[in-house]
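Q: Could you take a close look at the salt bridges of this structure, and say where their partners sit and how accessible they are?

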Amino acid sequence: MEKVLPGLAMLAIVAVVFVLIWIGWRNRLRRQAGIEQLPEVPAGLGEPLLSADGQYVASTTAGDWLDRVAVHGLGIRTNAELSIHPEGVLLDRSGAGPLFIPAASLAGVRQDSGMAGKFVEKDGLLILSWMLGTHALDTGFRTRRAADKPAILQQLQEMISPSPQAGAQ
């Protein structure tokens, strides 16, 4: 009996914590219900220019690395393959639907050491800044192999940088 009561008390505390977490996540989903639907993956998606395996970390509100976006499965950390196509970036996530970011929606790319509960070495994450309708988002991706990151970063920067205007000198 001496061990049963503390064990039951601990189970009750754990149950309360899980209920509070669930309530918090449900409220976050309700607050973010106005975020637009994700873009569909184009049917005629071109061949990938570059791809790499890694981990989809999360998507957050741009500039706020702690404000995880929960709707549309954007808050679920999962293994993924990032592929860069002429039309945009495809994150093929296992356990969640694919995330396609059209090239026109990309606003920037940078390296960082963490976001939304995932912290790694300096510049260990690629952070893609993009627009989903009227909402500015940051999406984190960690390559499985560090050697893949420089080529992906360069390809994304080339995709984002404005092309020179015709006739400009």
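**Salt bridges and their surroundings**

A: With a relative accessibility of 19%, D148 counts as buried (under 20% relative accessible area, whereas exposed means over 50% and partly exposed lies in between, with a 1.4 Å probe and protein chains only). The model is predicted, so that local features need pLDDT of at least 70 and side-chain atom pairs count only at pLDDT 80 or more, while totals for chains, interfaces and linings use all residues. Residues are numbered from 1 along each chain as its sequence is written, and side-chain values rest on heavy atoms, with hydrogens and water left out.

The side chain of D148 forms a salt bridge with that of R145, at 3.1 Å from N to O (a side-chain nitrogen of Lys or Arg within 4 Å of a carboxyl oxygen of Asp or Glu). Searching the whole structure gives five salt bridges.

Another of these joins D138 to R110, with an N to O distance of 3.5 Å. Because D138 belongs to strand β9 and R110 to strand β5, this pair ties together parts that are 28 residues apart in sequence (strands being DSSP runs of E, at least two residues, and helices runs of H or I, at least four, numbered from the N terminus). D138 is buried at 4% relative accessible area, whereas R110 is partly exposed at 34%. Together with D112, these two residues are linked in a network of salt bridges.

A further salt bridge connects R142 with E121 at 3.2 Å, N to O. Here R142 lies in strand β9 and E121 in the loop between β7 (118-119) and β8, so parts that are 21 residues apart in sequence are tied together. R142, with a relative accessible area of 24%, is partly exposed, and E121 is partly exposed at 42%.
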